[in-house]
Amino acid sequence: MTESNARISKAVVPAAGLGTRFLPATKATPKEMLPVVDKPAIQYVVEEAVAAGLSDVLMVTGRNKRPLEDHFDRNYELEQALSRKGDEARLARVQESSDLATMHYVRQGDPRGLGHAVLCAAPHVGDEPFAVLLGDDLIDPRDPLLARMVEVQEREGGSVIALLEVAPEQIHLYGCAAVEATGEDDVVRVTDLVEKPDPAEAPSNYAIIGRYVLDPAIFGILRETPPGRGGEIQLTDALQKLAEDERVGGPVHGVVFKGRRYDTGDRGDYLRAIVRLACEREDLGPNFRAWLRSYVTEEM
């Protein structure tokens, strides 16, 4: 079990998926590079990790994911061109992504599920707790979910997962947690986990969303976890082992999130995320909201 006062500094971002729901756009472009307004989705995720104090980021990639590495690298030709033009504002935005964090990359190779992607991070993470951030879930920076999860893990030890209450008829789309109350309104003790249960058999309507802070004991369990739902190695199955026996790697807690979350893994939700974020931008919002009101009035 990891000492509860161990400082978390590493984040793992699985990014090896094929993005089939966004074809043909993702035929040659990683889905993580699709823009959310004017910034790729993956940059929001890395920014969230850094804001929570995790400056060491390992991205688990796959084939045709080279643009991810290029985005977080320097582009000297572009920087020099902007500098010659005196376009300091755009130059700062280009340099922002390459200065965010210390980036590392490892290839998953064979897409065998989220659990396998996390296991690929074991050599880099070593024997210390770490965070996992899934790129399809964008968390509004005004709602520091990950920072709260890190705080809970450093105090309680073990692992911490992010939970969101969903309608009972939607729980089959998520991993689901059985929980017990604690002395804090937003923190629960996780006693069981089920991957995408039938609504009639779900232990609760608490869905697992794409943020985890994990004890390194998860690696040993993942190595012994057989393929589960969909023929893939499920992270939920490994977490279930931790939840049922805290002697293995400490307790599992959940932070119940009630803030702003943008789902970019579904085409409709992706479009809604762009609209919501554009409306809130100081530089775009006023004109965009005016156009949107006019469009809805005239066309709808």
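At roughly how many degrees do the axes of helix H8 (residues 217–224) and helix H9 (residues 235–244) cross, and within how many Å do they come?

Analyst: First, the ground rules. This is a predicted model, with local features needing pLDDT of at least 70 and side-chain atom pairs pLDDT 80 or more, while totals for chains, interfaces and linings use all residues. Residues count from 1 along each chain as its sequence is written, and side-chain values use heavy atoms, without hydrogens or water.

Now the pair. The axes of H8 and H9 come within 9 Å and cross at roughly 120 degrees. Here an axis is a line fitted to C-alpha atoms, for helices over the stretch in contact, and angles run from 0 to 180 degrees between N-to-C directions. That makes H8 oblique to H9. Under 35 degrees is roughly parallel, over 145 roughly antiparallel, 65 to 115 roughly perpendicular, and the rest oblique. Helices (H or I, at least four residues) and strands (E, at least two) are DSSP runs, numbered from the N terminus.

Which residues meet? H8 brings Ala 217, Ile 218, Ile 221 and Leu 222. H9 answers with Leu 235, Ala 238, Leu 239, Lys 241 and Leu 242. Contact means heavy atoms within 4.5 Å.

Helix H3 (residues 76–85) and helix H4 (residues 88–98) have axes that come within 8 Å and cross at roughly 160 degrees. That makes H3 roughly antiparallel to H4. On the H3 side, the contact is made by Leu 78, Glu 79, Leu 82 and Ser 83. On the H4 side, Arg 90, Leu 91, Val 94 and Gln 95 make it.

Now a strand. Strand E11 covers residues 206–214. All 9 of its 9 residues are buried, so E11 is largely enclosed by the rest of the structure. Buried is under 20% relative accessible area, exposed over 50%, partly exposed in between (1.4 Å probe, protein chains only). Strand E6 (residues 130–133) pairs with E11 in the antiparallel sense, over 4 bridges; pairing takes at least two DSSP bridges. There, Leu 133 stands opposite Arg 211 in E11. Strand E8 (residues 159–165) also runs antiparallel to E11, joined to it by 5 bridges. Glu 165 stands opposite Tyr 206 in E11.

Next, two single residues. Gln 43 lies in helix H1 (residues 41–51). Its relative accessibility is 4%, so Gln 43 counts as buried. Setting aside residues up to four places away in sequence, Gln 43 touches His 71, Phe 72, Glu 96, Ser 97 and Leu 100.

Pro 30 sits in the loop between strand E1 (10–14) and strand E2 (35–36). At 3% relative accessibility, Pro 30 is buried. Beyond its neighbours within four places in sequence, Pro 30 contacts Asn 64, Lys 65, Pro 67 and Leu 68. Pro 30 and Gly 62 are 32 residues apart in sequence, yet 9.7 Å apart in space, C-alpha to C-alpha.

Last, some backbone details. Pro 24 is found in the loop between E1 and E2. The peptide bond from Leu 23 to Pro 24 is cis, with omega near 5 degrees. Val 37 is not a glycine, but has a positive phi of about 65 degrees. Val 37 lies in the loop between E2 and strand E3 (39–40). At 24% relative accessibility, Val 37 is partly exposed. Asn 64 also has a positive phi, near 65 degrees. Its place is the loop between strand E4 (56–61) and helix H2 (66–71). Asn 64 counts as exposed, at 59% relative accessibility.
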